[in-house]
Amino acid sequence: MSLISLASFESVWRGYEYYRDYHVIHAAQTEDDSFSGIVSGHGQSYQVYVNTAHPRKSHCNCPHAAGRRTICKHMVALYFCVFPDEAENYYDQVIAAEEEAERLQEKTEKALIRHVRSMTKPELEQALLQLLLEGPEWQYDRFLRENVDEYLE
Ligand SMILES: [Zn+2]
């Protein structure tokens, strides 16, 4: 398991931002699979050590990771600083996933519009009433305000 795949989605993204925004002040290789560095954040700097062969042996003295076997954003930032190709790969994957989600949303919206246009009047009436009566209150109130004159009297 790589260090990145052991970290939470949030830690990887925040770590990527820290790397991109030059929060890694210092990075050095200490052994074949080991790197140490200093990463700044929230007005402090943290001592970070990353072991790529045994990611769980990595450590950082930030409150999130100190004394725990957690992969924090500082470790991720140091890792990306040492392996910039990995950072680029990660970013490309994020963009690709966002584009895919957007495509899917557009596709779903088109299917929804097609379906609504194919519905009969009684079907539309039933669907609208169901949405209004079972949906959120703001939706109900807004529909009344915009469509039902008696509501204002
Ligand atoms: Zn940390």
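Analyst: The model is a predicted one. The chain has 6 helices and 4 strands, in the order α-α-β-β-β-β-α-α-α-α from the N terminus. Its radius of gyration is 25 Å, whereas a compact globule of 153 residues would have one near 15 Å. Along the principal axes, the C-alpha atoms take up a box of roughly 75 × 35 × 25 Å. Buried residues make up 24% of the 153 in the chain. Among contacts with a separation of 6 or more, 47% join residues 24 or more positions apart.

The largest nonpolar core holds 27 residues, and those touching the most other members are Y19, M75, V76, A77, L78, Y79 and F80. Two or more core residues come from each of α1 (3–6), α2 (9–20), β2 (34–41), β3 (44–51), α3 (73–82) and α4 (84–118). The largest share, 7 residues, is that of α3. In general, nonpolar side chains tend to be buried together in soluble globular proteins.

Helix α3 itself is mostly covered, with 9 of its 10 residues buried. These are K73, H74, M75, V76, A77, L78, Y79, F80 and C81.

Within α3, M75 is one of the buried residues and also among the core members that touch the most others. Beyond its neighbours within four places in sequence, M75 contacts L3, V48, V50, S58 and C60. Of the elements that supply the core, α1 spans 3–6 and β3 spans 44–51.

Terms used:
Residues are numbered from 1 along each chain as its sequence is written. This is a predicted model: local features need pLDDT of at least 70, side-chain atom pairs count only at pLDDT 80 or more; totals for chains, interfaces and linings use all residues. A nonpolar core is a set of buried Ala, Val, Leu, Ile, Met, Phe, Trp, Tyr and Cys residues joined through C-beta atoms within 7 Å. A residue is buried if 20 or more other C-beta atoms lie within 10 Å of its own, exposed if 12 or fewer, and partly exposed in between; C-beta atoms are placed from the backbone. Two residues are in contact if their C-beta atoms, placed from the backbone, lie within 7 Å. The radius of gyration is taken over C-alpha atoms; the globule rule is 2.2 Å times the number of residues to the power 0.38.
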